[in-house]
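Student: Could you walk me through this protein with a few questions? I'd like to learn how to read a structure step by step.

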Amino acid sequence: MRIVLFGPPGAGKGTQASLLAEKYGAERIATGDILREAVAKQTPVGLKAKSYMDRGELVPDDVVIAIASDKLAEIGDAGFILDGFPRTIPQAEALDAALNELGKPLELVVNLEVDEDELVRRLSGRRVCPGCKEPYHVDSKPPKTEGKCDLCGADLVHRDDDQPEAIRNRLNVYGNQTAPLLDYYAGKGLRRDVEATGEIKDILDRIVAELPPP
Ligand SMILES: [Zn+2]
């Protein structure tokens, strides 16, 4: 399988990418992970990426593409799930060129869809302990005593980033960034929209139903 997985924050993209990787023996390729890996291995592009990261700057498109291309070549014939990449049209075009050169074009682009109110509900339920940093969630992982950390007893904090207003802003930024990419892949006939609400297993089944037979 050779797919790209898109989904807004809170859609469960990382979870589904991991499940698909396991099910199909494919490699999950997340930009953050391969950047860190290239930096740790001190590859030529890794060192280049590090020079931007050390200055607190965004790693530019051409460096991200070079690192992703290295990784795609390295995994050989294994399938892959791209998670969080590409992010821009130039990255998408460069990815197409690199994959065509390897004779492994993309098969599908899966777009996980979750209603905005549901995402706000999921994301705004996060709480964190300011002391030991333990994360909680009011629905899926509530503390034993409301508002108190199970581990150290400190008062839990609802971070500014996790307030509904900030979450709606993040979702808007995501939507604006991703819309041109989704159009790009729709134009190539590769885009499939999958409803990503309900049980994790049901969402996985919906994705699998869209995939080409192995
Ligand atoms: Zn704590």
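Student: What share of the 214 residues of the protein count as buried?
Tutor: Good place to begin, and keep in mind that this is a predicted model. A residue is called buried when its relative accessible area is under 20%. Of the 214 residues, the share that passes this test is 38%.

Student: Which strand is mostly covered?
Tutor: Let's look at residues 108–113, a strand with 6 residues. Of these, 5 are buried. That mostly covered strand is β4.

Student: In which sense do β1 and β4 pair?
Tutor: Strand β1 takes in residues 2–6. One of the places to look is Ile3, whose bridge partner in β4 is Leu108. Over 4 bridges, the sense of the β1 and β4 pairing is parallel.

Student: How many bridges join β4 to β7?
Tutor: Find β7 at residues 191–195, running parallel to β4. Val109 stands opposite Arg191 in β7. The number of bridges joining β4 to β7 is 5.

Student: Why is the protein called as compact as a globular protein of that length?
Tutor: First, the whole fold has 8 helices and 7 strands. For 214 residues the globule rule gives 17 Å, and the protein counts as that compact because its radius of gyration is close to this value, at 19 Å.

Student: How far apart do the centres of the positive and negative side chains lie?
Tutor: Nice one to finish on! The protein has 28 positive and 37 negative side chains. The distance between the centres of the two sets is 3 Å.

How values were computed: Residues are numbered from 1 along each chain as its sequence is written. This is a predicted model: local features need pLDDT of at least 70, side-chain atom pairs count only at pLDDT 80 or more; totals for chains, interfaces and linings use all residues. Side-chain values use heavy atoms; hydrogens and water are left out. Helices (H or I, at least four residues) and strands (E, at least two) are DSSP runs, numbered from the N terminus. The radius of gyration is taken over C-alpha atoms; the globule rule is 2.2 Å times the number of residues to the power 0.38. Buried means under 20% relative accessible area, exposed over 50%, partly exposed in between (1.4 Å probe, protein chains only). Lys and Arg count as positive and Asp and Glu as negative; His and the chain ends are not counted. The place of a charge is taken as NZ of Lys, CZ of Arg, CG of Asp or CD of Glu. Two strands pair if DSSP finds at least two bridges between them.
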